[in-house]
Amino acid sequence: DLGPKIKRSTLRRVALGFPRWLWRLRRALEHEAQHKRIDVTLLHFKKEQLMSALLPRRLTGASVWAEWGPLPRPLPRGPARLLYLAAARRAKLIAAVSQSTRESLIDVGVPPEKVVVINNIVDGDEIAFDAAARESYRRDWGIHDETLVLGCISRLNASKRNDVIIDCLAYLPEDVMLVLAGDGEDERALRARAAPYGSRVRFLPTPRGYVQEVLSACD
């Protein structure tokens, strides 16, 4: 409801729609503030980060930003950098997903004491190949060891473009199989898109706690 992400292809649309979306965000926060005090607003995207800096503190509480990767190329210089830094003054804390992300924020001029690294919750050492799970899954799927299985673990949301990997099957041999593991509002549409391929496409629920098993069954 607050428009697209900021990128070169959307700059004009964002500039024109910014006042309207800012008004919408303000109204939504005012509605919430009628019922309870807002202690923290967590912001993930640049546009919303800029918006929150223009709102009264009573509507945002403490602003906390989440940065999921190094700053994109246009931001570290020029007017974009100045706007970002101006908005960042309102942020009480910025959570960076990695040390390299943190360094990119500091290089732009964000005070180091504001930026905290929160490491990935997934322990990479635990995501190891599981030969027994591979054999079990592929037996349940009724496929041979020679069958090439493409695996995709993803939220089933239109923005993830899972439709592209389904469409790829039209250009691949018939003994190639696709496994989509995840949940989301686009699942029904994806299942309909995959229907012509029959058993070549399988849908699994989000593998919470056993992702290594599903990955082991794929190639």
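1. Helices (H or I, at least four residues) and strands (E, at least two) are DSSP runs, numbered from the N terminus. By this definition the protein has nine helices and seven strands. Isoleucine 94, to which this note returns, belongs to strand β3.

2. On the source: this is a predicted model, in which local features need pLDDT of at least 70 and side-chain atom pairs count only at pLDDT 80 or more, while totals for chains, interfaces and linings use all residues. Residues are numbered from 1 along each chain as its sequence is written, and side-chain values use heavy atoms, with hydrogens and water left out.

3. The overall form comes next. Along its principal axes, the C-alpha trace spans about 60 × 40 × 35 Å.

4. A residue is called buried under 20% relative accessible area, exposed over 50%, and partly exposed in between (1.4 Å probe, protein chains only). Of the 219 residues in the protein, 37% are buried. The accessible surface comes to about 13,900 Å², and carbon and sulfur atoms hold 55% of that surface. These areas come from the Shrake-Rupley method with a 1.4 Å probe; for residues, only the protein chains shown count as cover.

5. Contact means heavy atoms within 4.5 Å. Among contacts between residues at least 6 apart in sequence, 60% join residues at least 24 apart.

6. On charge, Lys and Arg count as positive and Asp and Glu as negative, with His and the chain ends not counted. The place of a charge is NZ of Lys, CZ of Arg, CG of Asp or CD of Glu. The protein has 35 positive and 27 negative charges, and their mean positions are 14 Å apart.

7. In soluble globular proteins, nonpolar side chains tend to be buried together. A nonpolar core is a set of buried Ala, Val, Leu, Ile, Met, Phe, Trp, Tyr and Cys residues joined through side-chain atoms within 4.5 Å. The largest such core has 15 residues, of which Trp65, Leu71, Tyr84, Ile94, Leu105, Val110 and Val115 touch the most other members. Two or more residues of this core come from each of α4 (78–88), β3 (91–96) and α5 (99–108). Helix α4 gives the largest share, four residues. Apart from this core lies another, of 12 residues, including Tyr137, Ala181, Val214 and Ala217.

8. Residues up to four places away in sequence aside, isoleucine 94 touches Trp65, Glu67, Leu105, Val110, Lys114, Val115 and Val116. Between isoleucine 94 and leucine 42 there are 52 residues in sequence and 9.6 Å in space, C-alpha to C-alpha.

9. Leucine 29 lies in helix α1 (residues 11–35). Leucine 29 counts as buried because its relative accessibility is 13%. Beyond its neighbours within four places in sequence, leucine 29 is in contact with Ile38, Leu55, Leu59 and Thr60. Leucine 59 is 30 residues from leucine 29 in sequence, and their C-alpha atoms are 5.8 Å apart.

10. Where is arginine 155 placed? Arginine 155 is in the loop between β5 and α7. With a relative accessible area of 46%, arginine 155 is partly exposed. Neighbours within four places in sequence aside, its contacts are Lys160, Asn162, Asp183, Gly184 and Glu185. Arginine 155 and glycine 182 are 27 residues apart in sequence, yet 5.3 Å apart in space, C-alpha to C-alpha.

11. Arginine 161 is placed in the loop between β5 (148–153) and α7. Most residues other than glycine have a negative phi. Phi of arginine 161, however, is near 55°, a positive value in a residue other than glycine. Arginine 161 is partly exposed, at 48% relative accessible area.

12. Asparagine 162 is in helix α7 (residues 162–168). Is asparagine 162 buried or exposed? Its relative accessible area is 3%, so asparagine 162 is buried. Among the residues that asparagine 162 touches, not counting those up to four places away in sequence, are Cys152, Arg155, Leu180 and Leu190.

13. Glutamine 212 is found in helix α9 (residues 211–217). Glutamine 212 has a relative accessible area of 17% and is therefore buried. Leaving out residues up to four places away in sequence, glutamine 212 touches Glu126, Ile127 and Ala128.
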